[in-house]
Amino acid sequence: SLNINYSRYFSIRGTNLELDFAIPDKMICIEADGEHWHKDKSKDRRRDYFLKSRGWKTLRFNGKDILNNPDIITKSILNSVPFW
């Protein structure tokens with residue numbers, strides 16, 4: 001409803017990385033951190049650092065907040081990204 005051009009399961013060319021969501025024209029990565037898949041925070045930090053080194057900005061949100069507070073997540077994304 002926000003008319004933002006995004007992709008789900010976006011692959012970074014030349015790597016084996018797949019992003020949960022991406023706004024490719026802004027080089028924004030949005031990760032949904034479920035408890036099962038994101039137990040290793042150091043792995044997430046290394047991944048974020050690698051993406052940053054390639055010009056990407058990563059926004060991470062935990063699964064509970066996504067389900068219980070979608071309006072807050074939306075506002076956070078809009079406040080973090082220079083869309084206009």
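**Note on the strands, the helix and the aromatic pairs**

1. Strand 1 and strand 2 pair in the antiparallel sense, over four bridges. Strands and helices here are DSSP runs numbered from the N terminus, a strand (E) having at least two residues and a helix (H or I) at least four. Two strands count as paired if DSSP finds at least two bridges between them. Arg-8 has Phe-21 in strand 2 as its bridge partner. The two strands form a hairpin with six residues between them, and Gly-14 in the turn has a positive phi of about 85°.

2. Some points on how the model should be read. This is a predicted model, in which local features need pLDDT of at least 70 and side-chain atom pairs count only at pLDDT 80 or more, while totals for chains, interfaces and linings use all residues. Residues are numbered from 1 along each chain as its sequence is written, and side-chain values use heavy atoms, with hydrogens and water left out.

3. Strand 2 also pairs with strand 3. These two strands run antiparallel and are joined by three bridges. Ala-22 stands opposite Cys-29 in strand 3, and Ile-23 stands opposite Ile-28 in strand 3. The hairpin of strand 2 and strand 3 has four residues between the strands.

4. Which sense does the pairing of strand 3 and strand 4 take? The pairing is parallel, over six bridges. Ala-32 stands opposite Phe-61 in strand 4.

5. How many of the six residues of strand 3 are buried? Five of the six are, so strand 3 (residues 28-33) is largely enclosed by the rest of the structure. Buried means under 20% relative accessible area, exposed means over 50%, and partly exposed is in between (1.4 Å probe, protein chains only).

6. Ile-23 is found in strand 2. With a relative accessibility of 3%, Ile-23 counts as buried. Ile-23 and Tyr-6 are 17 residues apart in sequence, but their C-alpha atoms are 4.5 Å apart in space.

7. A search of the whole structure finds two aromatic pairs. Rings of Phe, Tyr and Trp (its six-membered ring) pair if their centres lie within 6.5 Å; planes under 30 degrees apart count as stacked, over 60 as edge-to-face and the rest as tilted. Tyr-6 is exposed at a relative accessible area of 51%, whereas Phe-21 is partly exposed at 25%.

8. Phe-10 and Trp-56 also form a pair: their ring centres are 5.8 Å apart and their planes are at 50°, so this pair is tilted. Phe-10 lies in strand 1 and Trp-56 in the loop between helix 1 (41-53) and strand 4 (57-62), so the pair ties together parts that are 46 residues apart in sequence. Phe-10 counts as partly exposed at 22% relative accessibility, while Trp-56 counts as buried at 9%.

9. Helix 1 has 13 residues and reaches 18 Å from its first C-alpha to its last, close to the 18 Å expected at 1.5 Å a residue. The expected span is 1.5 Å times one less than the number of residues.

10. Which residues of helix 1 are buried? They are Asp-44, Arg-47 and Leu-51. Seen down the axis of helix 1, the buried residues fall within an arc of 65°, so they line one face of the helix. The arc is that of the directions from the helix axis to the C-beta atoms. These buried residues pack against strand 2, strand 3 and strand 4, with contact meaning heavy atoms within 4.5 Å. On the other side of helix 1, Arg-45, Arg-46, Tyr-49, Lys-52 and Ser-53 are exposed.

11. A last point concerns backbone angles. Most residues other than glycine have a negative phi. Tyr-9, found in strand 1, has a positive phi of about 55° although it is not a glycine. Tyr-9 is partly exposed, with a relative accessible area of 47%. Met-27 lies in the loop between strand 2 and strand 3 and is not a glycine either, yet it has a positive phi of about 55°. Met-27 counts as partly exposed at 30% relative accessibility. Just after helix 1, Gly-55 takes a positive phi of about 95°.
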